[in-house]
Amino acid sequence: MDKTNRTNFIQNQNTVNQEHSARDVFIHSLENAKKKDLAGNRKTKFSLSRVVRRMIWLTMVVSLIAVIVWQSATVISAKREYAQGNDFYQNLADSLSLSAGDTGLISTLYGEKGAGELPDYEEMKNGAGILDKDSLTSAEKKELALYNAKLAVLKSQNSDAVGWIYIPGTNIDYPIVMAPKDDPEFYIDHSFTKAEYAHGALYIEARCRDSILENKNTIIVGHNIRLQGMMFNQLAKFEQEDFFKNHSEVYIYTEEGKFVFNLFSFYRVNYLYPFRRVTFKDDNDFVQYLQTMQENSWHNRDGVTFTAEDRIITMYTCTNDNVKTNRYVAVAVLKDCLLNE
């Protein structure tokens, strides 16, 4: 190869090399650009993912805080309502309770002289042995007048008021109202004053009559308010055998007079069980029903027998373990009474 040709060859090679070098640089640039683009995409994807996770986390935290605040507010509101309701009924009891014997006088009205001096039901139902006001002492007459006056006050505050119930050894010391026929469940969520109140009032079921003597079985209902031990909560005390055996009397005061019941049965049962019967096929059916209630009891009361002429009250409330389906049931039979006329 002569000098001229070699020179041309070298020049051509340089040109080719430059072209290759330029192409390599270009390709390298494209690759770098692609890598940067990919890196940018990965970075963008990572950032979005992190933002989404943070938003979810923040939403969960806010929701949790909202739930805690709502539950706290609900608890505080419930406690306030419990306290207000307890104060209301306590004030009512302080001013109108028929259980305390406000005069401090020994009187047959409160049974201090014993059942032996009270007319029994057999005499009462035949029209004999009814309270003879002329035989009362002046102290007893004064207390009887006080008793009737308090019932009149109750009636003036609520025309549905039928009397007062008191069970010694418990907090059960409340007025009783009669459920309206056109709204049998009204007092489930209304107080004695008829104001909306979640804890309701103690009331006689609308299927019954407001006269204890006219009912075979008077059904009295109340909520189980555990926070303050209110309404029928302390019926659960009869679950304890010692308490059951040492506490038997239930006092009910109405316009008819004073009634003393002997609590002979306490048990827990599903709400579908027929413990709320108010009508019976015949006398035998009623006596058999009473015997069944006695057999249901967790504890026995000695000396309790039944006749077709008996009158009973059935008190019931929700249980502590299952408020939706289970019920505490306490049944008492009329032992003695004092009638106003």
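This is a predicted model: local features need pLDDT of at least 70, side-chain atom pairs count only at pLDDT 80 or more; totals for chains, interfaces and linings use all residues.
Colleague: Why is Glu 205 called buried?

Modeller: Buried means under 20% relative accessible area, exposed over 50%, and partly exposed in between (1.4 Å probe, protein chains only). Glu 205 has 5%, so the label is buried. Arg 207 has 45%, so that residue is partly exposed.

Colleague: Nice! What links Glu 205, Arg 207 and Arg 276?

Modeller: A network of salt bridges. Glu 205 also meets Arg 276, at 2.8 Å from N to O. Glu 205 sits in the loop between strand 3 (202–204) and strand 4 (217–221), and Arg 276 in the loop between strand 8 (257–270) and helix 5 (283–296), so the bridge ties together parts 71 residues apart in sequence. Helices (H or I, at least four residues) and strands (E, at least two) are DSSP runs, numbered from the N terminus. By the salt-bridge rule, the count comes to seven.

Colleague: How do you know that strand 3 and strand 4 pair?

Modeller: Pairing requires at least two bridges found by DSSP between the strands. Strand 3 and strand 4 are joined by two bridges and run antiparallel, so they qualify. Across from Tyr 203 stands Val 221 in strand 4. Both strands belong to a closed barrel of eight strands, ordered 1-2-3-4-9-10-8-7, with mixed pairing.

Colleague: And how do you know that the side chain of Thr 170 makes a polar contact with Ile 167?

Modeller: A polar contact is a pair of N or O atoms within 3.5 Å; within protein, one must be able to donate a hydrogen and the other to accept it, and residues adjacent in sequence count only if both atoms are side-chain atoms. A polar side-chain atom of Thr 170 lies 2.8 Å from the backbone oxygen of Ile 167. Thr 170 is in the loop between strand 1 (161–166) and strand 2 (173–178), and at 10% relative accessible area it is buried.

How values were computed. Residues are numbered from 1 along each chain as its sequence is written. Side-chain values use heavy atoms; hydrogens and water are left out. A salt bridge is a side-chain nitrogen of Lys or Arg within 4 Å of a carboxyl oxygen of Asp or Glu.
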